[in-house]
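Walk through this model one region at a time. Keep the sequence and the 3D view side by side.

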Amino acid sequence: MNTYKLLTPGPLTTTETVRKEMMFDHCTWDDDYKAITQKIRKQLLELAHVSEEDYTVVLMQGSGSFGVESVLTSVIDKEDKLLIIANGAYGERMEDIAVHAGIPYVAYDEVYYKIPDAGRVEEILKKDPSITHVAMVHSETTSGILNDIQAVGKVVKEHGCTFIVDAMSSFGGVDIPVKEWGIDFIISSANKCIQGVPGFSFIIADRQKLIESEGKARSLSLDLYDQWKTMNKDGKWRFTSPTHVVLAFSRALDEMMEEGGISARSKRYYDNNRLLIHRMKEMGIETYIGEEHQGPIITTFLYPENHKFSFQEMYQYIKDRGYAIYPGKVTEADTFRIGNIGEIYEEDIEKVCAIIKEFLEDK
Ligand SMILES: *Cc1c(COP(=O)(O)O)cnc(C)c1O
């Protein structure tokens, strides 16, 4: 088998020990298995810097979008109104979810290379007191920009609204004091910065607000409250859970603690990211996002001027030498992306940059 490492924002390269955890078919009714679910829920609360009295964790089958859709369709009532802040494809996906579910919403759409402005959010909330919920993305994986959820959270709290954050590609890789920043529901998934494999998402929820959402869900399978009610009893999932993925995730969490928790992981990701940007700059390849708001997860690069190769050509050349990169996703510029999360170290960044240099010299 020809293997390569993933320089993509998830699924990402995991450790062999995480993958090995999946070589066992666990029984879902078993007490040991239910205890693993409870252990995971506890560890996630710790990573979010919140207590069990204030917050609680729900694990939800499916990819990350299922988690976002579960929150949006479960906690917003028919009489409520949602403000969606979007500066990339994942913010826009929330708008799509709202359209599909018939959730009353308004949108604040920002251009992809700028972070949404907290002052602007304040104006919108002032003008429209019927807004009850605000949702936004933290690390917009579309571009790699890191949005200021702390500043927006402050404004949202001042207006007494509920704050929902899609921290899919940042949770665990960037430290987020969830309560301190006024976040009521934060969503991430197994296959991003915790470095597990794909199969479920998780929601860290303000306990009281979750309880208040009882009976509001528009979907049966994605009913956040119902999922929690069952899981909170003893760790039993409501419907069939991705057992192998759960085992791998539990191991991934332990390995994260061994590495030194969020601070150590965040430092590794930042170091990878800054080295990558530095090496690319040496080759004349610039970033799409300005330095101030460039996040540590994934970077969008502009092609060198007058380039005569296709993404497919470059992708194949790099893949043949051991790494998979990502095509661009911003609409208004010709770009490609390189992620630096997962079991990736500075030596990988040096290697992939050397491969790109060789490729460019060949052209
Ligand atoms: C990965 C990701 C998602 C979820 O995508 P899925 O393909 O459903 O896992 C949502 N939001 C952001 C910001 C992401 O990076």
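Over how many bridges do β13 and strand β14 pair, and in which sense? β13 and β14 (residues 335-339) pair over 2 bridges, in the antiparallel sense. Two strands count as paired if DSSP finds at least two bridges between them. Strands (E, at least two residues) and helices (H or I, at least four) are DSSP runs, numbered from the N terminus.

A word on the basis. This is a predicted model, where local features need pLDDT of at least 70 and side-chain atom pairs count only at pLDDT 80 or more, while totals for chains, interfaces and linings use all residues. Residues are numbered from 1 along each chain as its sequence is written, and side-chain values use heavy atoms, with hydrogens and water left out.

Back to β13 and β14. Opposite Arg337 in β14 stands Tyr326. Both strands belong to an open sheet of 3 strands, ordered β11-β14-β13, with antiparallel pairing. β11 (298-302) and β13 (326-327) are at the edges; each has a single partner strand, so one side of each lacks a neighbour in the sheet. Helix α10 (residues 261-282) packs on this sheet and touches β11 and β14. Contact here means heavy atoms within 4.5 Å. The direction of α10 makes about 10° with that of β11. Such angles run from 0 to 180 degrees between N-to-C directions, with axes fitted to C-alpha atoms, for helices over the stretch in contact.

Leu83 stands opposite Val134 in β5.

Next comes the ligand. The residues around it include Ser63, Gly64, Tyr90, Arg93, Asp166 and Lys192. A residue is listed if one of its heavy atoms lies within 4 Å. The shell divides into 3 nonpolar, 6 polar and 3 charged residues. α3 and α4 (89-101) each supply at least two of the shell residues.

An oxygen atom of the ligand lies 3.0 Å from a backbone N or O atom of Gly64. A ligand nitrogen atom is 2.7 Å from a side-chain N or O atom of Asp166. A ligand oxygen atom is 2.8 Å from an N or O atom in the side chain of Lys192. Taken alone, the ligand exposes 380 Å², and the protein buries 85% of that. Areas come from the Shrake-Rupley method with a 1.4 Å probe.

Finish with two backbone details. A cis peptide bond joins Gly10 and Pro11, with omega about 0°. Pro11 lies in the loop between β1 (5-6) and α1 (16-20). His49 is not a glycine, yet has a positive phi of about 60°. His49 is found in the loop between α2 (31-47) and β2.

Definitions and conventions
Polar contact = N/O pair within 3.5 Å; in protein donor to acceptor, adjacent residues only side chain to side chain. Nonpolar A, V, L, I, M, F, W, Y, C, P; charged D, E, K, R; others polar.
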